Amino acid sequence: MLSSKNGQLLLIPLLCLVAFIILSVLQKPVAGWMLTLAFVSVGISFRSYPKLKGFSFTMMIFAAFIVAMYYPQYFRQVGGFKLSLLIIPLLQVIMFGMGAELSFKELAGIVKMPKAILVGVICHYTIMPLIGFGLANIFHFPNEIAAGIILVGCCPSGLASNVMAYLARANLALSVAVTTVSTLLAPLFTPLLMRLLAGKFIEVHFWDMAWDTTRVVIIPILAGLLFDKLVRGRLKWLDKLMPVISMAGIGLIIVVITAAGRDSLIKVGFLLFVAVFIHNVLGYTLGYWFSRLLRFKEKDCRTISLEVGMQNSGLAAGLALLMGGMGTVGLAAVIFGPVMNISGSSLSTWWHGRPPKEDGEVKAD
């Protein structure tokens, strides 16, 4: 049964949703704020339930998406300052946080499971780019939006996959290793695959994209590693602040790019959502079953599935900005993030209740 406190928490989003419906019928401009508040309150409410806590951040992302769709004028510029100028620094901060969470000991551990890491990285940089290429051709989107789908598939796996691997009772060490290696290889493979697969949709400058990926990903990660070696633990307040900054950064990136591409999203939003959902789910499915064919352990199959299906959509959005297509090339990345978090959380929760046989655990209730 729900406690009185939890029941009150769930009442707030319900009241906001009712207010949204009434205000929408009356065509009042504040309706969007009510829907945004509904998702924010749902996210806060989820934190009171252990099984739903993992969806809390996703609800906040949906709130950011909705408010940007309803009120794009607030997220394009403040005064004379264009908010898009914040995207690259925010991505660099997020990558710095990733580097700070790693350690040289963890990097050294990569050599202990080369086969699984190699398979995970190869699957990631073949399955997702090729699915993206296929979807871009099947759905016949405008060229820049089609290129954005491919761009999402050509990016490395995201940090969210590590969290999902932990929840799914998968191989967390393998997950971190595949994320790390695929990220470090991004300056080579992301522009190369974009040149090969997206070249017919947009012009791709290999060396420019390689440098952009390096300065957004590799340099901040190396700085984070150095931070971990020299400073980590001495500034505990900063250790706690970094995850908050990362989450806020992802939210701001989403609202800025959504606001910039609002008109395009209205035209192709539903079909783009369908394409992104298929992209994400096929990544999980093919990653898992390819690993099963190679007779990997169940924990490793789950890990590779999540690593293949979950992309660094924030990086894709940042690269879209640097390519000059924030409101078009970046749209697939904006949708992929929330879709990936919901599907990944759901899949991980389902797997959590079904411990791998090799663990010798009793099935959870």
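1. The model is predicted: local features need pLDDT of at least 70 and side-chain atom pairs count only at pLDDT 80 or more, while totals for chains, interfaces and linings use all residues. Residues are numbered from 1 along each chain as its sequence is written, and side-chain values use heavy atoms, with hydrogens and water left out.

2. The protein chain has 16 helices and two strands, taken as DSSP runs numbered from the N terminus (helices H or I, at least four residues; strands E, at least two). Of its 365 residues, 53% count as buried, where buried means under 20% relative accessible area, exposed over 50% and partly exposed in between (1.4 Å probe, protein chains only).

3. Pro 142 sits in the loop between helix 6 (114–139) and helix 7 (143–154). Pro 142 counts as partly exposed because its relative accessibility is 46%. Thr 328 is 186 residues from Pro 142 along the chain, yet their C-alpha atoms are separated by 8.9 Å.

4. Helix 3 (56–70), helix 13 (262–293) and helix 16 (331–352) each supply at least two residues of the lining of the second largest pocket. Helix 13 gives the largest share, five residues. Among the lining residues are Phe 62, Met 69, Phe 270 and Pro 338. A pocket here is an open set of points on a 1 Å grid over the protein atoms alone, where a 1.4 Å probe fits, with protein on both sides within 12 Å along at least five of seven lines; lining residues have an atom within 4 Å of a point.
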